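I opened my notebook to look up a few things in this model. Here is what I wrote down, entry by entry.

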Amino acid sequence: MAPGDSAGRDHVDEMMEGWRAELPEAATVQLEIIKRVGRLKSMVEEVTQTVLGEYGLTYAEFDVLATLRRAGAPHRLKPSMLASRSSLTTGGTSNILQRLTAAGLVEREPDPADGRSSWVCLTPLGVRRAEELALATTEAHDNLLAGVSEESARTLADLLREVLLTLGDRAGASRRG
């Protein structure tokens with residue numbers, strides 16, 4: 001769709017039009033990418049938060065539950081591994097783990113091989129809740145993107161992977177987020 005086609009214009013097209021008129025060197029395709037990814041992120045976060053709010057959980061708490069569930073049985077990880085596999089920092093995980101423990105969703109077990117270390121484990125309730133949330137957020141995301149063709153969605157996913165790999169976001173690499 002051409003940027004001038006009003007039926008196919010989005011908020012970013014409007015913003016870019018202003019930059020092209022006022023400061024053309026700021027009107028880059030990179031800015032368009034950043035702004036569109038940011039708008040999509042906001043939309044996804046909004047529908048995700050709606051679902052999580054129904055369960056009384058924050059995104060960070062869901063991230064911990066989902067990370068532990070993805071780890072496979074027995075659904076446990078060391079706190080440092082939990083932080084590296086989720087979007088949390090090790091420091092940010094402590095309060096979240098306290099809240100999830102109080103809710104009966106996770107528990108900490110001492111590591112018999114290392115007295116200074118522990119495991120974070122999903123409880124049976126935590127496993128069920130993680131699965132419910134994963135399915136509920138998947139449905140919300142499917143509904144959000146229902147108007148996007150499967151072909152377009154696959155193309156976008158592949159292009160975003162290419163960009164992220166170019167930026168150094170590789171599987172297994174430590175990151176903060």
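This is a predicted model: local features need pLDDT of at least 70, side-chain atom pairs count only at pLDDT 80 or more; totals for chains, interfaces and linings use all residues.

I looked up D158 and found it partly exposed, because its relative accessible area is 32% (buried is under 20%, exposed over 50%, partly exposed in between, with a 1.4 Å probe and protein chains only). D158 and R161 are three residues apart in helix α7, so about one helical turn separates them.

Residues are numbered from 1 along each chain as its sequence is written, and side-chain values use heavy atoms, with hydrogens and water left out.

How many salt bridges does a search of the whole structure find? I noted twelve. One of them pairs E45 with K41, at 2.5 Å from N to O. Both residues sit in helix α2, four residues apart, about one turn of the helix. (Helices are DSSP runs of H or I with at least four residues, strands are runs of E with at least two, and both are numbered from the N terminus.) E45 is partly exposed at 40% relative accessibility, and K41 is partly exposed at 48%.

I also looked up E17, which bridges to R9 with the closest N and O atoms 3.2 Å apart. E17 has a relative accessible area of 44% and counts as partly exposed; R9, at 25%, is partly exposed as well.

**Entry: the largest pocket**

Next I turned to open space. The largest pocket holds about 2,200 Å³. (On a 1 Å grid over the protein atoms alone, a pocket is an open set of points with protein on both sides within 12 Å along at least five of seven lines, and lining residues have an atom within 4 Å of a point.) Its lining counts 45 residues, and V37, L40, K41, V44 and L160 lie nearest the centre. Which helix gives the most to this lining? It is α2, with 13 residues. By class I noted 23 nonpolar, eleven polar and eleven charged residues.

**Entry: a nonpolar patch**

I then found a nonpolar surface patch of about 890 Å², with V29, I33, V37, L40 and L160 among its residues. (Patch residues have over 30% relative accessible area and no salt bridge, and nonpolar side chains are joined within 5 Å.) Helices α2 (29-55) and α7 (150-166) each give two or more residues, and α2 has the largest share, six. I33 lies in α2 and is partly exposed, at 45% relative accessibility.

**Entry: the loop between α3 and β1**

Last, I checked the backbone. A cis peptide bond joins A73 and P74, with omega about 10°, and P74 lies in the loop between α3 and β1 (76-77). H75 lies in that loop between α3 and β1. Its phi is near 55°, a positive value in a residue other than glycine. Is H75 buried or exposed? I have it down as buried, because its relative accessible area is 12%.

Notes. Patches are made of residues with over 30% relative accessible area and no salt bridge: like charges are joined within 9 Å, nonpolar side chains (Val, Leu, Ile, Met, Phe, Trp, Tyr) within 5 Å. Accessible areas come from the Shrake-Rupley method with a 1.4 Å probe; for residues, only the protein chains shown count as cover. A salt bridge is a side-chain nitrogen of Lys or Arg within 4 Å of a carboxyl oxygen of Asp or Glu. On a 1 Å grid over the protein atoms alone, a cavity is a set of points where a 1.4 Å probe fits but cannot get out, and a pocket is an open set with protein on both sides within 12 Å along at least five of seven lines; lining residues have an atom within 4 Å of a point. Grid points are joined across faces, edges and corners, and a volume is the space filled by probe spheres set on the points. Ala, Val, Leu, Ile, Met, Phe, Trp, Tyr, Cys and Pro count as nonpolar, Asp, Glu, Lys and Arg as charged, and the others, Gly among them, as polar.
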